[in-house]
Amino acid sequence: DLPVTRIANKAFYCESITSVTIPGSVTSIGTEAFYNCSALSSLNLPEGLSAIGDYAFAECTKLSSITIPKSMREWGVGIFEDCTGLKSLTIAEGVTYIGRSAFFGCTGLKSVTIPKTITLIKSNAFNECVGLTSLTIPEKVSSIEQFAFYGCTGLTSLTIPKSVTKIEYAAFLACTGLTSVKVPKTTNINSAGFPQNCIIYY
């Protein structure tokens, strides 16, 4: 038998699956492949997986932890959007960016490990992740796009490295727990990048 290399669009568009083991031969997962699989609590993403389509695991509300493999190259929009039960996220060394709206509305997310290989955090990536309390942006990140961390109201500690040259509109707006942030002098910050009450130090 030929190995499975791709999981099709809307392949498991259902609410009854509780556990998924994706074989190592799979390199891509289609759009909405596991959308709203609200009973899904266990998921492994194999090494060799390089592409995940739009909203592939969106609204899988019982997922509690996820590891993104180092082979990941193509992020669809909102891959894990509204996975409200997600508490822990690890992105492996080798991944170079975090996709648009990837973890939008993951309100239970408390821990994020962002590797040193990340250079770009795309728009809305962690929008409304209200459970995040601290965040260290790795040394190679050059750009944080608009609304990337918008509404992360639990965020009280933020470290931004010298590599960041641009913080776009509303990237950290409505992060009401942020009262002060040290930002490199070379960073171009949009005027609405941070909450009005947040003091910016250089």
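**Exercise 1. Two aromatic pairs**

Task: Decide whether Trp75 and Tyr97 are buried or exposed, then describe the ring pair they form.

Solution, step by step:

- Trp75 is buried, and Tyr97 is buried too. Keep in mind that you are looking at a predicted model.
- Next, look at the geometry. A pair of aromatic rings is described by the distance of the centres and the angle of the planes.
- For Trp75 and Tyr97 the centres lie 6.4 Å apart, and the planes make an angle of 55°. Planes under 30 degrees apart count as stacked and those over 60 as edge-to-face, so the 55° pair is tilted.
- Now place the partners on the chain: Trp75 belongs to strand β7 and Tyr97 to strand β9, 22 residues apart, and the pair links distant parts of the chain.
- To finish, zoom out. The structure has 12 aromatic pairs, and ring pairs join a cluster whose members include Trp75, Tyr97, Phe126 and Phe149.

**Exercise 2. The nonpolar core**

Task: Find out how many residues the largest nonpolar core has, and which residues Phe103 touches.

Solution, step by step:

- The largest nonpolar core has 62 residues. In soluble globular proteins, nonpolar side chains tend to be buried together.
- Ile29, Leu45, Phe57, Phe80, Ile98, Phe103 and Phe172 have the most contacts inside this core.
- The elements that contribute two or more residues to the core are β6 (65-68), β8 (88-91) and β9 (97-98).
- Pick Phe103 and set aside its neighbours within four places in sequence: Phe103 is then in contact with Trp75, Phe80, Leu86, Leu89, Ile98, Ala125, Phe126, Asn127 and Cys129.

**Exercise 3. A strand with two faces**

Task: Sort the residues of β8 into a covered and an uncovered face, and find which strands pair with β8.

Solution, step by step:

- Leu89 and Ile91 make up the covered face of β8, and Ser88 and Thr90 the uncovered one.
- β6 and β8 run parallel and are joined by four bridges. Within this pairing, Thr67 has Thr90 as its bridge partner.
- β8 is also joined to strand β10 (residues 111-113), in parallel, by three bridges. Here Thr90 is partnered with Thr113.

**Exercise 4. Charged partners**

Task: How many salt bridges are there in the whole structure, and which residues form them?

Solution, step by step:

- Side chains of opposite charge can pair when their charged atoms come close.
- Two salt bridges are found in the whole structure.
- Glu32 pairs with Lys10, with 3.7 Å between the closest N and O atoms. The partners come from distant parts of the chain, 22 residues apart: Glu32 from the loop between β3 and β4 (42-44), Lys10 from the loop between β1 and β2 (19-21).
- Glu32 counts as buried because its relative accessibility is 17%, whereas Lys10, at 48%, is partly exposed.
- Lys166 pairs with Glu168, the closest N and O atoms being 3.5 Å apart. Lys166 is partly exposed at 36%, and Glu168 is partly exposed at 22%.

**Exercise 5. A leucine in a loop**

Task: Is Leu40 buried or exposed, and how far is Leu40 from Leu63 in space?

Solution, step by step:

- Leu40 lies in the loop between β3 and β4. With a relative accessible area of 0%, Leu40 is buried.
- Leu40 and Leu63 are 23 residues apart in sequence, yet their C-alpha atoms are 6.1 Å apart in space.
- Beyond residues up to four places away in sequence, Leu40 touches several others, among them Ile17, Val20, Phe57 and Leu63.

Methods
Residues numbered from 1 in each chain as written. Predicted model: local features only at pLDDT ≥ 70, side-chain atom pairs only at ≥ 80, totals over all residues. Heavy atoms only, no water. Salt bridge = Lys/Arg side-chain N within 4 Å of Asp/Glu carboxyl O. Buried < 20%, exposed > 50% of the residue type's maximum accessible area, 1.4 Å probe, protein only. Contact = heavy atoms within 4.5 Å. Core = buried A, V, L, I, M, F, W, Y, C linked by side-chain atoms within 4.5 Å. Pairing = 2+ DSSP bridges. Phe/Tyr/Trp six-rings, centres within 6.5 Å; stacked < 30°, edge-to-face > 60°.
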